[in-house]
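Try each task before reading its solution.

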Amino acid sequence: MARRCLSVHEVHDKMRRWTVLVQVVEKSHVLTSNGSPPIRFQRLVLTDSEGTMVSAVIYGNDIRYFANLLQPFKRYYITGGTVKKQDAKYKISDYHFSWVIHNKTLVEEYVEPNPPMLPCTFEFTKFEDLFRFADTENVQSLQAIVITAFATKEQNNGSTTRDFIVMNEEKKPMLLTLWNEFEQNQGTQLANSIGNANVIIGMKLKITTFNYLSLTTKLGSGLLINPPTSEANALKEWYNANKEKEEIGELIKQMAYKDSSKLLPPSSTNEMISVANALNTLKDVKTAWITGKTSLTPGQQKFWFETCENCQKAINVDVGWVMRCPSCKEESKVVAKTRIGITVDDGTGSINTVIFGLDAEKFIPFTALQFWEAHNEGFAH
């Protein structure tokens, strides 16, 4: 009997058997639920030729059954999975159902020399807008070129991380931290091919205020490497045409990915809020733009602290020591870094803030090293 393929939209929970030709957009790492007993599962995002995306999941021992199938960007015939009504908050398209793929589901690879371009569309956040979501659970998706890979780090909780510098046409380099499985899998792949101008799509990334503004993976994030899309091809072409120009090299050399003036340039007036409003909202929204008169917070005993020159981790070791940092695991010099308390008052209220590094030195005519030298000579505390 001839096989009849349906579109994703034609498949619903009242159907017993159905077949759809899908392309794999994402296949997650194997995850474990928090329930009792815990359940192992693997998430997938699939799309049909119309660009309709559907979420699917594989549970338990069935994960091994499909280990060599359903690889990213390849196409497969899927026949006879379980169709379930999708919770509205987990929907990834206008399709109202999700699928469970189990060992009675028939999965057949659609053999072809190269998979086609992904027909689905992605919604990306601009780098310049990422600050709006810093330190919230409002995860974001973006597309970027991977410029530089740093060494793997072992965290105190037993986790492993690796930092990368990523950038797009906006020319705002930013740190992306990959954790655990992301570091071990995609991180290794990216680090081993760092000269290839790899394009990534980061899905459901958390925005943090580490180094002023940076990106990090979390459970539920996705990372696509060199996805077959016209947008990815265009970004790679842009980078290859511009990577030899001085501007990009200078941004990396000057560590723009740690520079507040590059990552957080002054905001527009209509995004400023009063100090009173900031005090009311910062318990829920962790960042805010405010303006007002500044003054040194009284009672400060010390305007500097010791830190690892490489990762900026505070450490109780004399300035000038060369040590292997317990945080970044790199051999690094201990340096002094400025830290001052500033009170900001705009008439509606006042708020105490702490400012570090070069930003702090804009308010005072001394560097951290000068403070440290004065302290050692007995002129300051």
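**Exercise 1: Helix α2**

The buried residues of α2 pack against β9 (140-154), β10 (160-167), β11 (174-179), β12 (199-208) and β14 (222-225). Contact here means heavy atoms within 4.5 Å. The model is predicted, so local features need pLDDT of at least 70 and side-chain atom pairs pLDDT 80 or more, while totals for chains, interfaces and linings use all residues. Residues are numbered from 1 along each chain as its sequence is written, and side-chain values use heavy atoms, with hydrogens and water left out.

Task: Which residues of α2 are buried, and what arc do they cover around the axis?

Solution. 
1. Helices (H or I, at least four residues) and strands (E, at least two) are DSSP runs, numbered from the N terminus. Buried means under 20% relative accessible area, with a 1.4 Å probe and protein chains only.
2. List the residues. The buried ones in α2 are Phe182, Glu183, Gln186, Gly187 and Leu190.
3. Take the arc. These residues cover only 120° around the axis, so they lie on the same side of α2. The arc is taken from the directions from the helix axis to the C-beta atoms.
4. Recall the geometry. An α-helix has 3.6 residues a turn, so residues three or four places apart point the same way.

**Exercise 2: Strand β3**

Task: Which strands pair with β3, and over how many bridges?

Solution. 
1. Two strands pair if DSSP finds at least two bridges between them.
2. Start with β1 (residues 19-27). It runs antiparallel to β3, with 4 bridges. Gln23 has Thr47 as its bridge partner in β3.
3. Go on to β2 (residues 31-32). It is antiparallel to β3, with 2 bridges. Leu31 has Phe41 as its bridge partner in β3.
4. Finish with β4 (residues 53-59). It pairs with β3 in the antiparallel sense over 7 bridges. Arg43 stands opposite Val57 in β4.
5. Inspect the turn. β3 and β4 form a hairpin with 5 residues between them. Gly51 in this turn has a positive phi of about 85°.
6. In β3 (residues 40-47), 6 of the 8 residues are buried, so the strand is largely enclosed by the rest of the structure.

**Exercise 3: Gln86**

Task: Is Gln86 buried or exposed, and which side chain does its own side chain join in a polar contact?

Solution. 
1. Locate Gln86. It is in the loop between β6 (82-85) and β7 (97-100).
2. Read the area. Gln86 has a relative accessible area of 16%, so it is buried.
3. Find the partner. The side chains of Gln86 and Ser55 make a polar contact of 2.8 Å. A polar contact is a pair of N or O atoms within 3.5 Å; within protein, one must be able to donate a hydrogen and the other to accept it, and residues adjacent in sequence count only if both atoms are side-chain atoms.

Methods: Buried means under 20% relative accessible area, exposed over 50%, partly exposed in between (1.4 Å probe, protein chains only).
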